[in-house]
Each structure stands twice: as C-alpha cells, then as structure tokens.
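Visitor: I am new to this structure. Could you show it to me and walk me through its sheet and helices?

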Amino acid sequence: MSVEPFNRLVKLTARAFYDDITTKGDNQPKTGRSDNRGIAVVVLDALTRRQWVREEDLAKDLKLHSKQLRRTLRFFEEEKLVTRDHRKETAKGAKIYSAAVAATTEGPPFGKEGEEKIKLHTHSYCCLDYAQIYDVVRYRIHRMKKKLKDELESKNTVQEYICPNCGRRYNALDALRLVSLEDEYFHCENCNGELVAESDKLAAQEAGDGDDNARRRRREKLKDMLQKMEVQLKPLMEQLNRVKDLSAPEFGSLQAWEARASAAGRAVNGDSSSNDPSKSSQGYGGTPMPFLGDTKVEVAFAGAEGKEVDVKSETGNASLKVLPPWMIKQGMNLTKEQRGEVKQESKMDGSSAAAPSGFSDDKKSNVEDDKKSLQDEYVKAYYAALLKKQQELEEAAKQQESSNTAVSDGLSGMSNRQVGMKSKREDDEGDDDVDWEEAPVAGNTSESFKVNDLNVEAAASPEDEDDIDWEEG
Amino acid sequence: MFFHIVLERNMQLHPRHFGRNLREHLISKLMKDVEGTCSGRHGFVVAITGVESIGKGLIRDGTGFVTFPVKYQCVVFRPFKGEILEAVVTMVNKMGFFAEAGPVQIFVSNHLIPDDMEFQSGDMPNYTTSDGSVKIQKDSEVRLKIIGTRVDATEIFCIGTIKDDFLGVINDPTTI
Ligand SMILES: [Zn+2]
C-alpha cells in the first residue's frame, strides 16, 4: 500500500480546487486579517503527512486556532475529502490515541499529555479518505468537463425558431402550437410563414447581430475555458491515471486504526507507551508517513542564515531519500534558491535560460516539462516576490519570533498574497519541512491558474447533488 | 416523477343527490372532475386513492347547490427538468419528433437528436442512422431526458433530448 501517489493526488487537488477557498462565516467582516485563503491547502498537506490525527493536535502543529481548523475540516468533510470521528474520552482514551500516533508516525512528542489529562472532553479526529478523494476528484472533473461540453455543443439548450417573414421568434416549447398538418415544418402563428431553426444561416442573418456575437463570444469563452482546464488540470488528471490501479490507502475507522497502529508499534518499538521524546527527533526512515515534519523549518522563515542552511540540507536529504523524481526536482530547486539569496541574479538567469524550452510548449504531455516550467516560473516569481517583500517579511519575521503563537494570523493578516508570502506561511506550519512542495502552488498562482473559474464550477457542484436542474443551467 | 399528495377541492353538488348516497355521489363526481386534469403546480392527477375528509356543506344562495370542501389523496405526475422518461413517439417531422409519456407531451427538436440520425420523409417519416440500424418513427419507444418544461396553469409541455448517453430508441416497432 503506497501512500505517496495518493498524497500527491491530494496535494494537486488541494492546489487545483481549494487554493482559493475561504472558510469563514458570512457574518464576519472580510478584512485582510481574516482572509484565510490558502489554509485549505495547508491543512490538506498536513493531513497527507498524518493518518488519524486529533484535531487539537493538528491545530497546535499548524499553529491555527482550533475553531478555524475545525471550520476548514468541516468543509472538507462536506467535500468528502476527510472523514472525521468524534468521541468523548478521558485522559486514558487520549493516551491510547497518543500511543498509537507515536507508534506509527513518531510525530511530535506527546509529552504534554499531562496537561490534557483531567477532563472528559469530546475530541474530534480526522483523516484523509483516499479512496473517496479519488472518486470525488474524478467526479468533479467529469462534471466540470460535461458542463462545459454540454453548453458548447448546446446540448441542453432550447432550440429557437424564427419567422423569416415577420421576424417573430419562437422556441421549442411552443412546438405544439406550431406544427402544421400539411407539411413537416413549423409555421408562424402570425403569418403562417415557414419557421427556420435559429442556428441556420438565414436566421443568423436576420436575427440581431449583437445577439449572435454574444453567443459566439460565449462559445469562444467556453472553448477557451475547456482548453485551459485540460492544460491546467493535466498534472492532476495524470496523477489520477497513475493512481487508478493502485489500491487506496485505507486506515479504517479510528478505533480500528488505533488498535492496529498500537499493536504494530508495540511489535516494532517494544513498549509504545514509553513516549521517548528523543524518538521523535530522529529520522523518519521506515515509518509509513515519512514526511512528518521537523520543526526546524520555522527558522528558514526567520531568515537566520546559518539555520537556513541547516534546514536546507535536511529537506534535501529527506526528499532525496523518499521522494519520487518530480519532487526531488522541486526540492533541489528550492534548495538552490534558498542558497542563492546572495547571488540570486545569476541564479535567475540560469533558470530563465532553461525556461523557454519547457515554457513555450507547456502543453506537451510530458509531465517533467510541465513541472519544469512550473518550477522555473516559481523561481522567478519567488525572487520577484522576495525582492519586493524582503523588508516586510523580515520585519514580520521579527515580530513573529517574539510572539510565536500568533504566527499564522499575523501572516494572513498581511493583505498581499504574494508567492513568497505564501511559502513563508507554509513554512510556518512549524512541523513540516514542506519547502519542496511549494513549487506547484507558486507555479499555479504565478501562471494565473484559472482557479477562479474552476471554483465557480466547483461552488456549484455541491448543491448540484441535490438539485436536478443544475446541469441545464 | 410521481408523488402521492393530499389536495383539497370545493365540490358543488346538485340537491338531487342529497340522500343516502351523498358521499358516493360526491366521490364519483370528484373522480370525474379531477382525474386526468393538470395543474401547473402539482402536475397531472393520475388517480385518487382516498378521501381524507369531507367538510360541512354550504348552501349557495339562489341555486340550492351545496359546496363541500373535500380533502383527498391522489397520485400526481409532474415532469421535471433533468428527469429521464420513457415515451412513445406520436409524430415525426422535419423539425424533430413529438412523444408522450402518459399525459405529458414532449418535443425533441432535431438538433437534440444524435447527429448520425437523418430525417427521412415519406409515408412514415422517421429519423434513421446511416446504416439503418436505429430508426425513430411513430410508435417507437424512446428514452429521453427532459431539458425544459413549460408549466402553465392547466398545461405542462416538455422538450427533451436523446443526445446523451443511454438515451434513444429502446424498442423498434417494426421488429415486434
Ligand atoms: Zn411570421
């Protein structure tokens, strides 16, 4: 059971469909501070590095307010990406879970249990539902395509008819009144002229040109949208294909998973209840969730040179060890750019020189090319953003270092959502060395990925399930 | 789609029916009046399945007729956009074809008939594929999808498509 292809699927999905999602009540003012776009991606990414996770712990790890996280998770539950489980538990129950976590993920130390022991609380857990995600994403893409295609082929449109004599217009709903007993055509109620279907040439000429133009423009737009969708969702669709014949990772229900995980943990590690904090700081090799983060990433954001190098090598190693080729590339890319803060100009030249080939024909089916252009663009965008934002960021960094708890809020508070910013924010997660995986995000945004358009479709789809009418829209 | 619902109606009854069989008269009149009618709101009333209650009658001034408020259960048929129906073709012409699904009339215009089907005029006008394997003519049974409805107070008319997966002829009258 390989999780990695599915994790990549989740990551691509997150960036394609949930990059722009905000999860907040409508009553809240839409100030820059409460703008939490991008959180969805961060949360999904974090979940790919975990199995079942207690939501409080996740919130702590991501330095998010638990309410905010819960809102996001509830949204994903509705989107059928995440399964959740809630249960009342005592400290003992929490311990079972913690032990299970320690056994499977060797995650951040759970030494703090002492604090959470006393009360009987309802705890919520969440976990990605990979099998369902696969279906949901396929269904979503299918609906998007179908909707566009149907409209393009005017499949579900009501045919209009026009009388060439008097210009009166009818549509198919009038058909019953228009049939004639003498011949096989429709006849005008007014002058008994033979009606022509509106798409026919004559009708097109007689009918107002403006209307026709509007229709043509609409068609162009649809075609364009369909094409863009093909291109931009290509990585996602290829990943879907890759995953097609693999069996999805199945963690089972929370209870089953716990039982399984702690049993396995005991077998491997001896007594799993001895939560040795040192365990969590060693490498992740051989654990099912290899990317479970190292908290060191925070420092990359702080901009302290020495530490940065440290992180860099860490991520490099980690990705070289376990990542598929496409990820290694991105990892290296980022390493390069982190290293190159001083001499970024030359770096930039180098990458942009390489760019055109992958760039001009990014429609090539070759994923590598795609990736490459994404990366190149990311690098460029990154530097641009970096130059622009460096001052601000450093200031923000200082502030954040002093008050480390409010990190994510502070960042999202900054109104401008530059690429650089975003990567910073993700670094912020703290426990995740996610640098390598930011390339796709940045690529998307800088390439003016049409997420907006897609989201329009996307927003419609949940309702669609209840509403028969939707596809005629 | 079919629904089983409760409707209410004020029934006027001629005084000559007042007697032992008043109730029976009332119900048979109700059936005669209501079954087969169409209201834009509820659709076609297919059948009355029961009478819930008959209220107090009110004598109308001048005529002697009495009005009873009657609550009755009935099955109604209401077509919806997006619904898949099976229908019998009633007429084929150059503009498309008409079909009936029970009381509902549906028109399928020629641009919503698959492109590989061509209109053939003659005694028995029809739409046929180039290899002749599929033919739509009068009395053919087709499965179609409703893409538009016109709902008037007393009439429902639909337009449909057979240009989609799993739609089209489901039996050919010439092969029976
Ligand atoms: Zn006319």
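Guide: A definition comes first: two strands pair if DSSP finds at least two bridges between them. Note too that this is a predicted model.

Visitor: What is the order of the strands in the open sheet of chain A?
Guide: The sheet is open and has 3 strands. Their pairing is antiparallel. Read across chain A, the order is E1-E3-E2.

Visitor: Which strands of chain A stand at the edges?
Guide: An edge strand has a single partner strand, so one side of it is left without a neighbour in the sheet. In chain A that applies to E1 (53-54) and E2 (82-89).

Visitor: Over how many bridges do E2(A) and E3 of chain A pair?
Guide: E3 covers residues 121-128 of chain A. Within this pairing, A:Val82 stands opposite A:Leu128. E2(A) and E3 run in the antiparallel sense, and the count is 8 bridges.

Visitor: Which helix of chain A lies across E2 and E3?
Guide: Look at residues 66-78 of chain A. This helix runs at about 125° to E2(A). Its name is H4.

Visitor: How are H7(A) and H11(A) oriented to each other?
Guide: H7 spans residues 130-152 and H11 residues 234-243 of chain A. Their axes come within 11 Å and cross at roughly 135°. Angles over 145 degrees would count as roughly antiparallel, and 65 to 115 as roughly perpendicular. The two helices are therefore oblique.

Visitor: What residue classes make up the contact of H7(A) with H11(A)?
Guide: From H7(A), the residues include A:Tyr134 and A:Arg138. They meet a group in H11(A) that includes A:Leu236 and A:Met237. By class, the contact has 7 nonpolar, no polar and 2 charged residues.

Technical notes
Residues numbered from 1 in each chain as written. Chains lettered and ligands numbered in written order. Predicted model: local features only at pLDDT ≥ 70, side-chain atom pairs only at ≥ 80, totals over all residues. Heavy atoms only, no water. Helix = DSSP H or I, 4+ residues; strand = E, 2+ residues; numbered from the N terminus. Contact = heavy atoms within 4.5 Å. Axes fitted to C-alpha atoms, helices over the stretch in contact; angles between N-to-C directions. Parallel < 35°, antiparallel > 145°, perpendicular 65-115°, else oblique. Nonpolar A, V, L, I, M, F, W, Y, C, P; charged D, E, K, R; others polar.
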